[in-house]
Amino acid sequence: MNWLEGLILGFVQGLTEYLPVSSSGHLQIGQILLNGGEPFPGGLQFDITVHVATVLSTLVILWKEIEWIFRGLFKFEWNDETRYTVNILVSMIPIGIVGLFFKDTIEALFEGTLIVGICLCITALLLTLTHFYRPKEHSRITTCDAFVIGLAQACAVLPGLSRSGSTIATGLLLGNSRQHLAQFSFLMVIPPILGEALLDVKHMVAPSAEYLATHAAGTAIGTPALVAGFVAAFLSGCLACKAMIALVKRCSLIWFAVYCAILGTGVIIYSVL
């Protein structure tokens with residue numbers, strides 16, 4: 001992977017991490033297009049780098065909300081900030097279980113472009129439901145809602161199933177307020193993304209059998225590609241995070257559904273042929 005390919009893939013990762021179109025699916029498609037039909041060997045280093053960059057972009061864009069949470073926590077009382085933190089922790093339970101015990105198995109079972117195309121179509125279906133089904137809104141995300149949204153995030157370990165699309169669509173279908181849902185959705189993914197990066201580092205040091213079956217090993221990504229990918233992912237992540245918060249508050253997600261349906265159908269056709 002050269003620096004230009006790293007720049008392109010970093011931009012794709014940062015942009016699609018927050019837009020409801022699946023960053024993992026786009027990253028896999030991008031690698032296949034740039035590398036003649038196959039993912040780049042040794043790409044795990046790159047994946048870790050761009051995921052950390054997108055987490056940093058979230059911290060920058062949502063710093064006021066993060067500061068509000070910590071300021072309330074240090075009052076050591078049951079308040080809105082404490083309740084919000086508990087909901088985030090509850091939402092992390094499903095993805096924590098999947099990440100610790102089933103991630104390698106899932107990646108080994110569900111690999112290839114066909115599953116990406118199918119999951120993109122499922123993402124399209126979820127987003128379409130939010131356009132046609134609009135339950136009565138309640139202003140506060142409950143603990144039960146947080147857990148169900150967390151289940152949606154756990155399902156999004158499948159490549160092509162958008163993490164932000166799944167969590168935001170699930171929250172909207174549960175009747176949560178658009179005003180607060182996007183911020184909650186983006187804040188709740190920070191610990192899992194960092195945890196996933198740590199697990200990937202562990203796999204690089206001591207690879208499991210499932211990991212070796214689904215990842216190319218022994219090839220390092222060059223520093224220029226890593227730096228270019230990090231910068232591109234951070235900058236595009238800042239842009240996408242800010243834009244998506246505004247879009248969720250004001251707009252329907254139906255056009256993202258159309259995009260995912262078209263792309264998913266195209267990927268399925270490519271896989272079959």
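1. Leaving aside neighbours within four places in sequence, E5 is in contact (heavy atoms within 4.5 Å) with L34 and F40. E5 sits in helix α1, residues 3–18. Helices here are DSSP runs of H or I with at least four residues, strands are runs of E with at least two, and both are numbered from the N terminus. E5 counts as buried because its relative accessibility is 16%. Buried means under 20% relative accessible area, exposed over 50%, and partly exposed in between, with a 1.4 Å probe and protein chains only.

2. A word on the basis. This is a predicted model, in which local features need pLDDT of at least 70 and side-chain atom pairs count only at pLDDT 80 or more, while totals for chains, interfaces and linings use all residues. Residues are numbered from 1 along each chain as its sequence is written, and side-chain values use heavy atoms, with hydrogens and water left out.

3. The overall make-up comes next. The chain has 14 helices and zero strands. Of its 273 residues, 49% are buried. Among contacts with a separation of 6 or more, 82% join residues 24 or more positions apart.

4. A228 lies in helix α13, residues 223–250. A228 has 11% relative accessibility, so it counts as buried. Not counting residues up to four places away in sequence, A228 touches W3, G6 and L7. The C-alpha atoms of A228 and F11 are 9.2 Å apart, although 217 residues separate the two along the chain.

5. Helix α7 covers residues 113–132, which is 20 residues. The expected span of a helix is 1.5 Å times one less than its number of residues. The buried residues of α7 are T113, I115, V116, G117, C119, L120, T123, A124, L127 and T130. What covers them? Their cover includes α2 (23–34), α9 (163–173) and α14 (254–272).

6. H26, I29 and I32 in α2 meet Y259, L263, V267 and Y270 in α14. By class, the residues of this contact are six nonpolar, one polar and no charged. Ala, Val, Leu, Ile, Met, Phe, Trp, Tyr, Cys and Pro count as nonpolar, Asp, Glu, Lys and Arg as charged, and the others, Gly among them, as polar.

7. How do α2 and α14 cross? Their axes come within 13 Å and cross at roughly 45°. That makes α2 oblique to α14. Axes are lines fitted to C-alpha atoms, for helices over the stretch in contact, and angles run from 0 to 180 degrees between N-to-C directions. Angles under 35 degrees count as roughly parallel, over 145 as roughly antiparallel, 65 to 115 as roughly perpendicular, and the rest as oblique. The crossing of α2 and α14 is left-handed. Left-handed means the near helix is turned anticlockwise from the far one by less than a right angle, and right-handed means clockwise.

8. Another pair is α5 (residues 80–101) and α10 (residues 178–188), whose axes come within 10 Å and cross at roughly 55°. These two helices are therefore oblique to each other. α5 passes α10 in a right-handed crossing. From α5, Y84, N87, I88, S91 and M92 meet H180, Q183, F184, L187 and M188 of α10. The contact of α5 with α10 has six nonpolar, four polar and no charged residues.
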